[in-house]
Amino acid sequence: MELSLRPGIDTLRGALPKDARVFQILFLASLLSMGVLARDFTLRWEQMALTFAAGLMTQVYALHRIGMPNGSYLSAVVTCFGLSILLRADSLWVHPLIAIIAIGSKFVLRVNGKHLYNPANLGVMVALILLPGAWVSPGQWGHDLIAAGWFLMLGSVVTGHARRWDVSWMFLGCFLGMVALRMLLLGQNPWVFVHQLGNGALLLFTFFMISDPMTIPNHRRARLLYAAIVAGFAIFWQYGLFKPNALVWALFLCTPLVPLLDRWWKAERFQWRPATG
Amino acid sequence: MPFPRCLALALLACATPVHAFCGFYVGKADAGLFNEASQVILVRDGHRTVISMLNDYKGEPTEFALVVPVPHVLPRSQINVGDRRIFDRIDAFSAPRLAEYYDEDPCSPRELEMMKLRRMAPASIAMDAAIMPKRSLGVTVEASYTVGEYDIVILSAEQSDGLETWLIENGYRIPPGASRALKPYIRLDMKFFVARINLQERARTGLTYLRPLQFAFESEKFMLPLRLGMVNARGPQDLIAFILTKNGRVEATNYRTVKLPANMDVPLFVSGEFNRFYKAMFDEQAKREKHRVVFTEYFWDMSWCDPCAAEPLTPDELRKSGVFWLNGDDGQGGASKVMLTRLHVRYTRATFPEDLMFQETADRENFQTRYVLRHPWTGKDECAQAAAYRESVRKRQQVEATTLASLTGWELGAVRTRMGLPAQPEAKWWERLWN
């Protein structure tokens with residue numbers, strides 16, 4: 001009798017959630033816990049509770065308005081985690097207000113049937129530009145996350161459920177490539193590269209923000225070009241203008257290119273749940 | 001875990017309503033505590049920047065050389081020799097502090113009421129420029145001045161090894177291998193502010209110490225060049241940066257910024273050796289973070305303090321430290337804010353590969369490294385509740401011992417002994433059962 005592991009693996013795969021956002025939520029939750037427990041985040045639990053309360057209520061309201069009361073809440077949860085991880089404020093009202101704006105934007109700022117901005121990115125930028133008492137701490141993760149962080153990310157890729165990682169790898173390749181090039185041109189200490197590689201904020205941005213399949217171009221060629229543009233802009237922001245928060249600024253300022261790239265290269269829109277049948 | 005800890009201590013501080021203000025100041029640990037710590041005052045608003053550097057240099061005056069990368073050639077008017085006392089003032093104002101409280105008579109009617117309430121609540125717990133060749137080795141002397149006791153040259157260079165050779169040939173004592181550290185700045189087209197001591201001028205000032213050098217310039221970079229200082233560093237080095245801004249707390253953008261553990265109750269004997277405690281505590285925390293973080297020691301609006309380790313700086317003192325937005329009488333009725341962020345970094349070559357980059361956040365929540373002493377009631381116990389009070393003091397002291405041992409890495413048994421507690425905590429009932 002032949003022994004095979006195949007049926008076991010298939011059963012296991014079958015038991016795993018089909019929706020990539022479930023994995024995203026698990027990873028974001030573990031990152032947030034690690035941040036609060038081990039990284040001295042200045043996040044208050046009330047701010048987090050208010051983010052989720054306001055965010056999810058906005059999703060409920062908006063789904064009813066568009067006549068889809070049974071719609072999914074997964075994306076809203078992902079956004080609330082994203083905002084909790086990124087946004088810092090010295091008051092209690094900033095987080096819920098931003099959660100409402102971020103999730104509300106998905107239903108209001110739409111082009112060609114897709115929402116335009118990554119909600120967490122838009123929320124953070126609105127807070128940074130318009131609200132008093134709000135900030136982002138790009139150094140909050142430290143730069144020694146290499147082992148743990150990369151392990152998590154690779155884990156999520158291996159699960160094979162999330163698609164469109166091409167944009168993440170292209171972005172990371174371009175960004176780190178330019179950091180390495182700059183290091184060589186300036187004759188800097190090689191530790192500079194290692195320092196950037198272990199940057200938790202870079203990791204999080206690469207795998208959880210720029211990879212949002214709903215807010216990147218549909219066509220693979222367009223996505224790769226887009227990733228390279230965002231990486232170039234982030235490098236310019238960080239090393240040309242010497243301004244902080246390069247990654248979120250680059251994504252925010254480059255997002256309007258997405259509808260243009262979608263018009264140029266046509267392809268099918270992303271679906272979170274694989275089509276049945 | 002940060003927030004429950006802060007919450008618990010806020011409760012503790014407020015549980016003593018007798019004191020209208022939060023304790024009174026009894027001691028502080030100043031920056032001089034840390035040997036060879038560089039001290040810098042960095043004032044920043046928009047692109048306008050004023051840097052003051054204090055040199056705690058104790059060697060031969062002829063051996064002194066300071067090399068600082070600057071964004072452009074600084075004219076004489078942008079360079080100043082400041083007043084050393086400003087550093088002492090700003091250091092004293094923001095120094096880690098110790099506050100003390102005295103317990104009330106556990107038998108006073110108000111205390112009896114408070115004890116009842118507490119039981120209900122969960123437990124909380126720088127030659128002569130004329131003789132220098134104008135151009136050699138790709139090095140150009142863009143400007144040279146004598147300011148106070150310093151001879152200053154501003155250099156631009158094409159090659160780092162050329163610059164290193166030039167500096168050595170011109171009698172500057174720079175550590176071997178400096179060219180590697182200089183290279184990135186040259187390639188970024190930065191200039192070098194180079195200072196050494198003018199012995200005649202120094203004799204004229206009659207001072208036995210070096211006054212701080214100050215320079216004002218505009219730059220898009222909100223940063224402090226750390227890397228040059230590491231060329232001849234053997235072990236970890238300390239930097240204390242006093243950063244003055246208008247709006248909020250300053251933090252590093254390319255390193256993690258962490259608040260030091262503070263606002264904790266510590267045993268009473270710390271009062272007599274606060275400096276030793278603070279040094280041990282900082283050493284321990286820096287080691288735990290593997291010399292990879294920037295510590296916040298203080299963040300406060302400079303117009304007030306509580307408790308005050310020293311009086312706030314006067315507008316004149318603030319101007320001398322480089323604050324440029326306080327013009328004349330401050331016609332806005334005192335509305336011009338000055339916020340002070342005190343950062344303390346213990347860095348090594350491997351853990352701080354990049355210069356420190358900063359950002360000003362919108363955070364305005366005050367923070368100070370303050371430690372609390374609680375003196376038990378020494379009067380007579382004249383009521384039944386006094387026994388419960390004594391029990392609570394005993395428990396409190398156990399916690400204070402553990403806190404101190406954990407903060408400083410000191411051995412718990414030794415701490416307990418100094419507190420007059422048995423070296424070992426009392427055995428649990430089940431431990432006594434089979435032993």
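**Close-up views of a two-chain model**

A search of the whole structure finds 26 salt bridges over all chains; a salt bridge is a side-chain nitrogen of Lys or Arg within 4 Å of a carboxyl oxygen of Asp or Glu. This is a predicted model, in which local features need pLDDT of at least 70 and side-chain atom pairs count only at pLDDT 80 or more, while totals for chains, interfaces and linings use all residues. Residues are numbered from 1 along each chain as its sequence is written, chains are lettered from A and ligands numbered from 1 in the order in which they are written, and side-chain values use heavy atoms, with hydrogens and water left out.

**View 1. The salt bridge of Glu149(B) and Arg211(B).** The side chains of these two residues meet at 2.7 Å, N to O. Glu149(B) sits in the loop between strand S8 (139-147) and strand S9 (150-157) of chain B, and Arg211(B) in the loop between helix H6 (199-205) and strand S11 (213-218) of chain B, so the pair ties together parts that are 62 residues apart in sequence. Helices (H or I, at least four residues) and strands (E, at least two) are DSSP runs, numbered from the N terminus. Glu149(B) is buried, with a relative accessible area of 0%. Buried means under 20% relative accessible area, exposed over 50%, and partly exposed in between (1.4 Å probe, protein chains only).

**View 2. Two further salt bridges in chain B.** Asp189(B) pairs with Lys191(B), the closest N and O atoms being 3.6 Å apart. Asp189(B) is exposed, with a relative accessible area of 54%, whereas Lys191(B) is buried, at 14%. In the other salt bridge, Arg342(B) and Glu297(B) have their closest N and O atoms 2.7 Å apart. Arg342(B) belongs to strand S18 (residues 339-347) of chain B and Glu297(B) to strand S17 (residues 293-301) of chain B, so this pair ties together parts that are 45 residues apart in sequence. Both Arg342(B) and Glu297(B) are buried.

**View 3. The largest nonpolar core.** A nonpolar core is a set of buried Ala, Val, Leu, Ile, Met, Phe, Trp, Tyr and Cys residues joined through side-chain atoms within 4.5 Å. The largest has 50 residues, and those with the most contacts inside it are Ile98(A), Phe171(A), Phe175(A), Phe205(A), Tyr226(A) and Val230(A). Helix H11 (residues 220-240) of chain A gives the largest share of this core, nine residues. At least three residues come from each of domain 1 (20-136) and domain 2 (146-264) of chain A; these bounds come from an automatic or database domain assignment.

**View 4. The surroundings of Phe205(A).** Neighbours within four places in sequence are left aside here. Phe205(A) is then in contact (heavy atoms within 4.5 Å) with Phe171(A), Ile210(A), Val230(A), Leu247(A), Val248(A) and Leu251(A).

**View 5. The interface of chain A and chain B.** The area buried between the chains is about 2,800 Å², of which carbon and sulfur atoms give 58%. Buried area is the accessible area (1.4 Å probe) that two parts lose on being put together, summed over both. Across this interface the rule finds zero salt bridges. The elements of chain A that give two or more residues to the side touching chain B are helix H2 (20-38), strand S4 (134-136), helix H8 (166-186), helix H9 (191-197) and H11. The contact takes 40 residues from chain A and 30 residues from chain B.
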